[in-house]
Amino acid sequence: MVTQLRATLPYVGLRPFEENEAGSFFGRDAEARSLSAAWLRSRLVIAHGPAGAGKTSLLRAGVLPDLAAADADILPVGRVDGPGLTAASPDALEPVVGPGNPFTRALLRCWSHEDESSSLLDALRDLTDRHHPRGASRPILLAIDQFEEFLAPRSARLTPLRSQFVEALAVAAAALPNLRILLVLRTDHREALLPYRRLLLAAGTAGADGPGHGSAVPVTEVAVTPLVPDCAVTALVEPLRAAGIRFAPGAAAACVDDLTTSRTVDATGAESLLVAQTVQPAFLQLVATALWRSRPVADVPVTASWLGPVGNVTAVLGEYLTRALVTTAHEHDLDEDELRAWLTRTFVTERGRRGMVDEGLTMTAGMPTPVLDALAERYVLRCEHRSGSRRFELFDDRLLEPLQRTSGPWPGTGGAATEVGAADYLRAAQVSFADGDLATACAHAEEALRRDPAPSLTRAGTQALRAQLYQAKGRLDQAEACLREAAEIYESLSDTEASGRVLASLGRLLLDAGQVGRAVEDLQAASERLSGDADVQSDLAHALWRAGQPWAAAAIFSAVLTIAPDAVAALAGRAQLRVDLGDDAGAVEDFDRLARAAAAAASGAGDGVELRAVRALALARLGRVAEASGESTTALRDAPDSGPVLWRVAEVIRAAGDEPGADDLLRRSLDATEPALAAHQRTQVSRLLRRSGALT
């Protein structure tokens, strides 16, 4: 469920972009092309940048899609860290257990290579020979992300193993002149890379003497920086544009300007402005996500005045800072207010600038060092290796203003720190849930309920979130109970819209659980409160369809499309319903409209493969046999174990006169699991089999 939730969002938040999210990755086109060209051209590429600059996102969502059409063997992105190889294992006992080198084993696991005892060279030859014969001149592109993990100081017992791994990588580079190595790491670890770099360069230069490879550039360094303002505007605007929401002229630029401007106060009370040349991608994502969650309707542009209460950068960063401190304090059994005061006292100087502290042996500036590590993971602090030790400072100047506002204008002036309440715990739970950390989300949600036992907007929101957590665990009864309480609270507070949305979620939950009658009741109640919401009306139509009221469902779909002609969910639903009602010409017309809808691909509404199979059936009944055959063949190839697809393709085959083949696919559909047939679909398939005599 968490994966499905992520797939519907135009912004990814604080996690890196994945390769399949390239369509939402904007503002880095030039950098992606530059790094792609360097990787194809050079024996060794070192892409480096500060923490949080977006290096992993650039690689996965920018460079890999850019190289998709290149004539090259691209290996899965590797990591050389894992159990026993982290700083949390000071004795480093595990790395020496098992065959081969532990860093090599970690890399082979990333490639899904079955024999982890293989040498690196043998594994590379095996992986590339599966697709092309030995001696092929195609470049082999090998990337290792977060290479600072490999370089971080650890037990002395790992030092020879690290050298052994790099030697193996050098042997592979010498033996495979077409091997191109990309190492992605934090800039502060470049010095630690130097001795290993020399070894790799020596091997790369030797390998470049082979036929056709003498022109390969031995090494290229590429700096990855945070976003320049123009690119930040693009990264903010384009994902919303794809979702049908536009910014008024100048609104996005004003938001980005706010991200680059920090207002700070010194010990005398004097204010000053700090203006940065770049925007932190993590902070841009936080603001963008806040805009998305409070987005206007599609035809209303985002204006500067609307951005004021919703997209105010200081407010967004202040809320995030509170969530990060609440989470960290909870993990380390600390008081949130004391942690905030310590953070301000330690990392804001008398001049109102960022201060820096050196890491201690076990405590750093009076706080256990793991607390600082946790804050660095959450983009509150920045950690850099300098002169053989680590130093910490605030992640960015843009945190000075929200930190000072919530801690008083200056530490020690008597200003009370903001009290952490139920709403703060709810926001922390929402962030943890979005990150996929269900255990932490549950803990924060329970604390929010404890701090706010009376009916309130915060309690209603907490119960709605708990419902999602229970649903993710398959505990549908508890999820239903939470949603009902949330709906009742919203009703008592006269928040009709919120009540409608919770009731819609409840109806979808019951529909997925096969409780169609109860789902219809809740979706009808939701549709009364959200009469203009096309998605809720479409969900009600689907429920009525499954409840045996197809004509009522068709009327609702048509009503939605009268108001919103390109509503994807309604188009997809009515197209499938028309096939069941025998209106094949109308169904094909809806399918064609669906294909033309610009938002169809981005919305993710409906199962695209199943829709293809349903369209194939409508085409077959209209006598367009060649088109139907192509559509059904593609659908069956893409989803060979989908019950709904097998059912629809069976009917296509039956329309072509192949009764035995159709019955065989229908029988297969009853056993299919990805996905299985819904209860009402199984009933229809069984009826078809009995009618043909294939099921007694």
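Helices (H or I, at least four residues) and strands (E, at least two) are taken as DSSP runs, numbered from the N terminus. On this basis the protein chain has 32 helices and 12 strands. The model is predicted: local features need pLDDT of at least 70, side-chain atom pairs count only at pLDDT 80 or more, and totals for chains, interfaces and linings use all residues. Residues are numbered from 1 along each chain as its sequence is written, and side-chain values use heavy atoms, with hydrogens and water left out.

Burial was classed by relative accessible area: buried is under 20%, exposed is over 50%, and partly exposed lies in between (1.4 Å probe, protein chains only). Of the 696 residues of the protein chain, 50% count as buried. Contact means heavy atoms within 4.5 Å. Among contacts in the protein chain with a separation of 6 or more, 66% join residues 24 or more positions apart.

A nonpolar core is a set of buried Ala, Val, Leu, Ile, Met, Phe, Trp, Tyr and Cys residues joined through side-chain atoms within 4.5 Å. The largest such core has 58 residues. Val579, Phe591 and Leu594 have the most contacts inside it. Helix α21 (residues 496–512) gives the most to this core, with eight residues. A second, separate core has 52 residues, including Ala232, Leu325, Leu381 and Leu403. In soluble globular proteins, nonpolar side chains tend to be buried together.

The surroundings of Val579 were then listed, leaving out residues up to four places away in sequence. Val579 touches Asp584, Ala587, Phe591, Val614, Leu617, Ala618, Arg621 and Arg648. Val614 belongs to helix α28 (residues 608–621). Val614 counts as buried because its relative accessibility is 0%. With residues up to four places away again left out, Val614 touches Gln576, Val579, Phe591 and Arg648. Val614 and Phe591 are 23 residues apart along the chain, and their C-alpha atoms are separated by 9.4 Å.

Gln463 sits in helix α19 (residues 457–472). At 4% relative accessibility, Gln463 counts as buried. Beyond its neighbours within four places in sequence, Gln463 is in contact with Leu449, Cys482, Glu485 and Ala486.

Strands count as paired if DSSP finds at least two bridges between them. Three strands form an open sheet in the order β8-β12-β11, with antiparallel pairing. The edge strands, β8 (356–358) and β11 (381–386), each pair on one side only. Axes are lines fitted to C-alpha atoms, for helices over the stretch in contact, and angles run from 0 to 180 degrees between N-to-C directions. The twist averages 25 degrees from one strand to the next. Three bridges link β8 to strand β12 (residues 389–394) in the antiparallel sense. Met356 has Glu393 in β12 as its bridge partner, and Asp358 has Arg391 in β12. On the other pairing, six bridges join β11 to β12, which run antiparallel. Here Arg382 stands opposite Glu393 in β12.

Two helices lie across this sheet. Helix α14 (residues 336–347) lies across β8, β11 and β12, running at about 105 degrees to β12. Helix α15 (residues 369–377) lies across β11 and β12, at about 55 degrees to β12. The loop between α15 and β11 holds Tyr379. Phi of Tyr379 is near 60 degrees, a positive value in a residue other than glycine. Gln146 also has a positive phi, near 50 degrees. Gln146 is found in the loop between β3 (140–144) and α6 (148–151). Its relative accessibility is 25%, so Gln146 counts as partly exposed.

Helix packing was examined for α30 (residues 643–655) and α31 (residues 659–671). Their axes come within 8 Å and cross at roughly 170 degrees. The pair is therefore roughly antiparallel (angles under 35 degrees count as roughly parallel, over 145 as roughly antiparallel, 65 to 115 as roughly perpendicular and the rest as oblique). From α30, the contact involves Gly643, Leu646, Trp647, Val649, Ala650, Glu651, Ile653 and Arg654. These meet Glu659, Gly661, Ala662, Asp663, Leu665, Leu666, Arg668 and Ser669 in α31. By class, the contact of α30 with α31 has eight nonpolar, three polar and five charged residues. Here Ala, Val, Leu, Ile, Met, Phe, Trp, Tyr, Cys and Pro count as nonpolar, Asp, Glu, Lys and Arg as charged, and the others, Gly among them, as polar.
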